[in-house]
Amino acid sequence: MFSVSTSTIRALAPAWLSPRGAASFLVFFYAAIAASTGYAAAQNAPQPIPIPAQSEQAQQSIQILYVKEDREREEPPLSLLDQPSPDDGIAGAKLGIADNNTTGRFLNQSFKLDVLNGNVDDLIKGAQEKLAAGDAFIIADMAPDSLLKFSDAMAGKPVQIFNVGNPDDRLREEDCRANVMHTAPTRSMLADALAQYLVWKRWPNWLMVVGPSQNDQMLADAYRRAAKKFGAKIVEERQFKVDTGNRRADGGFEQIQQQIPQFMQGAKDHDVVLVVDEDEVFGDYFPYRTWVPRPIVGSTGLIPTSWHASLELWGGTQFQNRFKRLANRPMRAIDYDAWLAVRAVGEAASRTHQVDFKTLRDYMHSPKFEVAGFKGVALSFRGWNGQVREPLIVTNPKMFVSVSPQQGFLHQFSVLDTLGIDKPETKCKAYTQ
Amino acid sequence: MSRLSTLLPAMVSAAIAIFCVTPANAYMAYVTNEKDNSLSVIDTDKMEVVKTVKIGQRPRGIVMSKDGKWLIICTSDDNDVKIYDAKTLEYVKSLPSGPDPELLTLHPDGKRLYIANEDDNLVTVVDIETSKVISEIPVGVEPEGMGMSPDGKVLVNTSETTNMAHFIDTTTHKTFDNVLVDSRPRVAMFNSAQTQLWVSSEVGGTVAVINPADRKIISKINFAIPGVEQESIQPVGIRITKDDKIAFVALGPANRVAVIDTSTFKVLKYILVGQRVWQMYFTPDYKYLLTTNGASNDVSVIDVANQKAIKSIKVGRYPWGVVVSPN
């Protein structure tokens, strides 16, 4: 029954290949196996070994473009451990390409990543050139308004953009665009993930400390909404305006040690201190310096995130190891979000056995689409705004604590939709038009 | 007639006496406890743990040598495969494996061991007698499930991120077909007639039944349990009865084992067991099926004929793999 004849080997070739194509596929297959020796090969030699006269049928390729806007930070993050890396996000996309190519060698599909850096106008120009060369899937790491400008410039073209750089709910709601999907979680999803854990833990009384930036105001809104949604209470809010000075000043801790307890004095009874500091400019000063001993949650301490470098559940160990070998650093949330975007394209290609833009785009938008992402359950895209539907990690700086949705938070369709803005509340119109 | 009727009870009691002296089914079950770095030994006659020993780090996949002398265990965090004497539980030797071995299967020749290396997309083939690596077979991302055809000609490996069942010829050690299945395939299991190959997809929540002759999917089995959210139905372990009529599928955090008719592919019932049920193994007489329940630290014993869970046996922390001695 299991004799391995030529006819059984020919079964390797996907159904769409003609018998002649199957023969050339065979040649490619063994060549590809011989050539695939880890990431270097996958990255530098994504093109198949040329097979004269038949190469046209022998290989399907998909090009993905990563556009990263040069964004200036006003201040670097407080901790030396949190300094950004120039390949943040890009390294995750590279891993996704390598994973897709390992699968692709069995399906005669290959994936390639192009990367562009620059300001938004450069990126629009560059992306249009790349589009002409076949890059129809674009991963975008740019500021909210830049993303809108970029996606509007691409409107009407066969392009699918994935937002990895922004948690802004407005990009999925009133400012949603039909050509943008989002693998980054929203502020409302992140706030809901943490809120569910705190409610499950019976720590419903929060003292919220909000930073001065506009991002902080939006994140504070998300937490106010989450408290209301899950029955927690923000017992008091304080605006943090203390100027803590330059991070790298030699010393300074003597003053911070005085400033933070003073700032926290005389607060109403609370279970946790919810620090809202999206830009990471003061939050890390709070743990162990509060007036009364309370856990710190939010932007530091116990944080909600789409990924954490300590996560080993659901087969995550191998995933973390692959990333570390590729990038020589731990995986950040934006790397995960970019990996997921690339994997979504790869998953659509392997499920449909196609590489043409429309087939893959439509498949990713269909209710049939799902992709595994080391979170124990299948991930998919919300049909009303293209936001990825995923469990979120609740973690301390070193170790996974829990995953939300928490037990007992129920939903009519998917418990994953207990996180973030749900279908009945959406303000996104572009997806229904 | 009357003489026989007076003799009968005596014969029966004599038979019982003999039975009690030499129990027919005193098999030993060996359970790897992933979090404890230990092995629990269960006497399946007494249905209790008779011994617990410390073994290598993060023990997961476990098989027994054909003669029942050796236990062969993936100690994932030691990056090797360790052999222990099944009787004395003493360490015998380590086998080379690639990094992070998880699941393994032994060829019917009793010599060739096939190991899935999750970390480098390979299946490693090792001779257990000489401890030498015979071959390395490139497969998809995160190889996991290992299903050997009963005649030993075909090995099926599943890769968790590539989502394929790779068919490997055990003579040439080359892949000759790849079948796409639902997300995160975990276990591949042939029936004894070799007419069906069952593949469980943990994240996809389905089981694909493939015809090994033409590698076409015959059926895709879905699960629905009232009161259990769909996301927590995660099929992993598969076992098929000796007569090939019934398949048991462990459903992970749904805490149930599905009982499936292999001719209609209909789920006949769901048996409630411990939490996060993963791997399973029959006693050699096929009377009982043992399941490892990772989150509740126990092994459930299923009465195969009655399709009921009859006992829970406390073992170490995060029980993962299980094997039962053939004698």
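In this predicted model, helix H5(A) passes helix H11(A) in a right-handed crossing.

## Two helix pairs in chain A

Helix H5 of chain A covers residues 90-107, and its partner, helix H11 of chain A, covers residues 316-327. Their axes lie 10 Å apart and the packing angle is about 115°. That angle makes H5(A) roughly perpendicular to H11(A). On the H5(A) side, the residues that meet the partner helix are Ala91(A), Lys94(A), Leu95(A) and Ala98(A). H11(A) answers with Arg322(A), Phe323(A), Leu326(A) and Ala327(A). Sorted by class, this contact holds 6 nonpolar and 2 charged residues, with no polar ones.

The second pair is H6(A) with H7(A). Helix H6 of chain A runs over residues 120-132 and helix H7 of chain A over residues 144-153. Their axes come within 10 Å and cross at roughly 25°. H6(A) and H7(A) are therefore roughly parallel to each other, and their crossing is right-handed. Val120(A), Leu123(A) and Ile124(A) make the contact from H6(A), while Ser146(A), Lys149(A), Phe150(A) and Ala153(A) make it from H7(A). By class, the contact of H6(A) with H7(A) has 5 nonpolar residues, 1 polar and 1 charged.

Here are the two pairs side by side:

| Helix pair | Crossing angle | Axis distance |
|---|---|---|
| H5(A) and H11(A) | about 115° | 10 Å |
| H6(A) and H7(A) | roughly 25° | within 10 Å |

Asn108(A) sits in the loop between H5 and strand S2 (109-118) of chain A. Its phi is positive, about 65°, although Asn108(A) is not a glycine. Is this residue buried or exposed? Asn108(A) counts as buried, because it has 25 C-beta neighbours inside 10 Å.

## Chain A as a whole

Stepping back, chain A has 13 helices and 15 strands. Of its 433 residues, 46% are buried. Among chain A contacts between residues at least 6 apart in sequence, 67% join residues at least 24 apart.

Chain A is divided into two domains: domain 1 (59-185 + 308-390) and domain 2 (188-305). Taken over C-alpha atoms, the centres of domain 1 and domain 2 of chain A are 30 Å apart. How many residues meet where these domains touch? Domain 1 of chain A has 12 residues in contact with 9 residues of domain 2 of chain A. The domain 1 side of that contact divides into 6 nonpolar, 2 polar and 4 charged residues.

Val394(A) belongs to strand S14 (residues 392-395) of chain A. This valine is buried, because 25 other C-beta atoms lie within 10 Å. Leaving aside residues up to four places away in sequence, Val394(A) touches Ala193(A), Leu194(A), Tyr197(A), Leu302(A), Pro304(A), Val401(A), Ser402(A), Val403(A) and Ser404(A). Asn117(A), by contrast, is 277 residues away from Val394(A) in sequence and 32 Å away in space, C-alpha to C-alpha.

Ser402(A), one of those partners, is placed in strand S15 (residues 400-404) of chain A. With 18 other C-beta atoms within 10 Å, Ser402(A) is partly exposed.

A cis peptide bond joins Ser404(A) to Pro405(A), with omega near 10°. Pro405(A) itself is found in the segment after S15 of chain A.

## The contact with chain B

The contact between the chains takes 31 residues from chain B and 23 residues from chain A. On the chain B side, strand S14 (164-169) and strand S15 (174-180) each supply at least two residues. S15(B) gives the most, with 4 residues. By class, the side of chain B that touches chain A has 9 nonpolar, 10 polar and 12 charged residues.

One further backbone detail belongs to chain B. Ser131(B) has a positive phi, near 60°, and is a residue other than glycine. Ser131(B) lies in the loop between strand S10 (122-127) and strand S11 (132-138) of chain B. With 14 C-beta neighbours inside 10 Å, Ser131(B) counts as partly exposed.

Note on methods. Residues numbered from 1 in each chain as written. Chains lettered and ligands numbered in written order. Predicted model: local features only at pLDDT ≥ 70, side-chain atom pairs only at ≥ 80, totals over all residues. Buried ≥ 20, exposed ≤ 12 C-beta atoms within 10 Å, placed from the backbone. Contact = placed C-beta atoms within 7 Å. Nonpolar A, V, L, I, M, F, W, Y, C, P; charged D, E, K, R; others polar. Axes fitted to C-alpha atoms, helices over the stretch in contact; angles between N-to-C directions. Parallel < 35°, antiparallel > 145°, perpendicular 65-115°, else oblique. Left-handed = near helix turned anticlockwise from the far one by under 90°. Domains from an automatic or database assignment.
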